[in-house]
Structures are given as C-alpha cells and as structure tokens.
Amino acid sequence: MSRWIGLAARLVVGAVWVVAGTLKLPDPAATVRAVRAYQLLPEAVVPTIGHLLPVAEVVLGLLLLVGLLTRGAAVASTLLMLAFVIGISAAWARGLQIECGCFGGGGAAGLDADPTAAYPWDIARDLALAAASAWLVVRPRTPLALDSVLLAPLPQPERPTR
C-alpha cells in the first residue's frame, strides 16, 4: 500500500513542480520581481535565483514524474517547499503585501488586492507538498519508476553447486 501512496505523492508533487516552473518560464523578469519582493536574499543573488528557479522546478518535477533519482529529487523538493513556507511566513510576519509568485507573476500586490488572505492557504499547500516529498525521501521506491529499471541490482550469475 505504501508504494501506491508513494506513486501518488510522486505524481502530484512532480506535476505541481512542472506546472509551476512552466508557467514561470515565459516571464523570468516576473520571477525575479517575485523573489525580490520577499526581501530575504541579498540583491546580488536575486536575479540568479529568479532565473534558475523555474528551470529547477521543471527539472525537479520531471525527475519525480518519471521516478528517476527519486530520493534526491524528493530531498530537493522538501527543502524548496520548506524554503517557500519560510518565505511566505516571513512576508506575512513582516506585513508585506505581496503575491507569492508560486505559479508565475508575484511581487508587490495591487492596491485593491489583499494577498495576505492567501498566505495561510499558500503555507498549508506548501506544507502538504513538503510532507508528500518527505514521504518519498523515506520511501523512494514506487511503482512505474525509472529508478526500478535503471538502478535495479544486476542479476547475479548462478554458482555451480558441488
């Protein structure tokens, strides 16, 4: 049963990463604005993080979807989700009025918007995805995974009996 839970976790988390990264790829400047809006990173690294994040999300999602390097991808997924939870929580605690940029866009919110109302839901979603990722760290073997094919132990030659 746990293998099927792992498969569901792998597919859901992988799909979320692919969708989130793919939506950000056409507008990297928006992702840079979103990263900058959190006011957590030094300005020198904000453009690099903003440009690399969508690519990393798509790669991470594809690895999880096909089940390749599952444990490593799950570790990265868990850490990224927890980083997002910390970022949103820090923005909320400091009273920042920003869109999370989780699926593109992001940055300062418009005057008529109240993005803080979404913070609890964003945090809950990211915690659930972090929990699903952590499940895969502990139990990376799932059905329909390339890990099972490519990283399976080679069959041992039969030894002659005496």
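The structure described here is a predicted model. Residues 44–66 were examined as a unit because the unreviewed UniProt entry places a "transmembrane region" there, and it places another at residues 73–93. Over residues 73–93, the chain is 100% helix and 0% strand, with 30 Å between the end C-alpha atoms.

The loop between helix 3 and helix 4 contains Leu 69. Although Leu 69 is not a glycine, its phi is positive, at about 55°. A positive phi also occurs at Leu 144, again a residue other than glycine, where the value is near 60°. Leu 144 belongs to the loop between helix 5 and helix 6, the latter spanning residues 146–150.

The axes of helix 4 and helix 5 are 8 Å apart, and the two helices pack at an angle of about 160°. Angles over 145 degrees count as roughly antiparallel, and helix 4 and helix 5 are therefore roughly antiparallel to each other. The crossing of helix 4 past helix 5 is left-handed. Sorted by class, the residues in the contact of helix 4 with helix 5 comprise 19 nonpolar, five polar and three charged.

Helix 1 packs against helix 5 at an angle of about 130°, and the axes of this pair are 9 Å apart. That angle makes helix 1 oblique to helix 5. Helix 1 passes helix 5 in a crossing that is left-handed. For helix 1 and helix 4, the packing angle is about 60° and the axes lie 12 Å apart. Helix 1 is thus oblique to helix 4. Here too the crossing, that of helix 1 past helix 4, is left-handed.

The largest pocket holds about 470 Å³ of space. Two or more residues of its lining come from each of these elements: helix 1 (2–24), helix 2 (28–37), helix 3 (46–66), helix 4 (70–93) and helix 5 (119–138). Helix 4 supplies the largest share of this lining, with six residues. In total, 26 residues line the largest pocket. Those nearest the centre of the pocket are Val 35, Tyr 38, Leu 53, Ala 83 and Phe 84. By class, the lining of the largest pocket consists of 19 nonpolar, three polar and four charged residues.

Helix 4 has a left-handed crossing with helix 5, is passed by helix 1 in a left-handed crossing, and gives six residues to the lining of the largest pocket.

How values were computed:
Residues are numbered from 1 along each chain as its sequence is written. This is a predicted model: local features need pLDDT of at least 70, side-chain atom pairs count only at pLDDT 80 or more; totals for chains, interfaces and linings use all residues. Side-chain values use heavy atoms; hydrogens and water are left out. On a 1 Å grid over the protein atoms alone, a cavity is a set of points where a 1.4 Å probe fits but cannot get out, and a pocket is an open set with protein on both sides within 12 Å along at least five of seven lines; lining residues have an atom within 4 Å of a point. Grid points are joined across faces, edges and corners, and a volume is the space filled by probe spheres set on the points. Helices (H or I, at least four residues) and strands (E, at least two) are DSSP runs, numbered from the N terminus. Ala, Val, Leu, Ile, Met, Phe, Trp, Tyr, Cys and Pro count as nonpolar, Asp, Glu, Lys and Arg as charged, and the others, Gly among them, as polar. Axes are lines fitted to C-alpha atoms, for helices over the stretch in contact, and angles run from 0 to 180 degrees between N-to-C directions. Angles under 35 degrees count as roughly parallel, over 145 as roughly antiparallel, 65 to 115 as roughly perpendicular and the rest as oblique. A crossing is left-handed if the near helix is turned anticlockwise from the far one by less than a right angle, and right-handed if clockwise.
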